[in-house]
Amino acid sequence: MTTTYESPARAELPEPIRDAMADAEHGKVVYLTHAGVKFAAVVPLEVAAAGAAAVTAAIEALEDAEDIAAAKEAKAEGGPRYSHESIKAELGLI
C-alpha cells in the first residue's frame, strides 16, 4: 500500500523533518528512530520506486509459484483429460 502525504510549507515543518527531506533530495536514506529503534525511513524517490518495483516482482513470482504448484497437484490427481480442440468444439468455437 502506498500513501502520499502532502506536507505543509517546508518552513512550517520541524527542523529534523526539513533536514531529512533535504538529505533525501540529495540521495541519502534517513532513518527515523524512536528510543534508538529504526521504525521508518525517508528515502530518495528513486529508491522508493525501485523498492516498489521489487515488491511487485516478488509478489508476481509467488503467484506464479502458487499457480505452478496448483497445476502440478491437479495433474497428479488424474481424472479425464480434454484436448484444447475438443473443448473448442464443445463450445461451438470451431
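This is a predicted model: local features need pLDDT of at least 70, side-chain atom pairs count only at pLDDT 80 or more; totals for chains, interfaces and linings use all residues.
Ala-35 is found in the loop that joins β1 (30-34) to β2 (37-42).

The backbone of Ala-35 also deserves attention. Most residues other than glycine have a negative phi. Ala-35 is not a glycine, yet its phi is positive, at about 55°.

## Val-37 in strand β2

Val-37 has its place in strand β2. With a relative accessible area of 52%, Val-37 is exposed; the cut-off for this class is over 50%.

## Helix α2 and the glycine after it

Helix α2 covers residues 45-77, which is 33 residues. From its first C-alpha to its last, α2 reaches 48 Å, close to the 48 Å expected at 1.5 Å a residue.

The helix is followed by Gly-78. The phi of Gly-78 is positive, near 80°. Ala-35, in the loop between β1 and β2, likewise has a positive phi, but Ala-35 is not a glycine.

## Arrangement of the whole chain

The chain contains three helices and two strands. Read from the N terminus, these elements follow the order α-β-β-α-α. The chain is more spread out than a compact globule, because its radius of gyration is 25 Å, well over the 12 Å that the globule rule gives for 94 residues.

The C-alpha trace spans about 70 × 30 × 20 Å along its principal axes. How much of the contact set comes from residues 24 or more positions apart? Among contacts with a separation of 6 or more, such residues account for 0%.

## Surface and charge

Of the 94 residues, 5% count as buried, a class that requires under 20% relative accessible area. The chain exposes about 8100 Å², and carbon and sulfur atoms supply 60% of that area.

The charged side chains comprise 8 positive and 16 negative ones. The centres of these two sets lie 6 Å apart.

Conventions:
Residues are numbered from 1 along each chain as its sequence is written. Side-chain values use heavy atoms; hydrogens and water are left out. Helices (H or I, at least four residues) and strands (E, at least two) are DSSP runs, numbered from the N terminus. The radius of gyration is taken over C-alpha atoms; the globule rule is 2.2 Å times the number of residues to the power 0.38. Buried means under 20% relative accessible area, exposed over 50%, partly exposed in between (1.4 Å probe, protein chains only). Contact means heavy atoms within 4.5 Å. Accessible areas come from the Shrake-Rupley method with a 1.4 Å probe; for residues, only the protein chains shown count as cover. Lys and Arg count as positive and Asp and Glu as negative; His and the chain ends are not counted. The place of a charge is taken as NZ of Lys, CZ of Arg, CG of Asp or CD of Glu. The expected span of a helix is 1.5 Å times one less than its number of residues.
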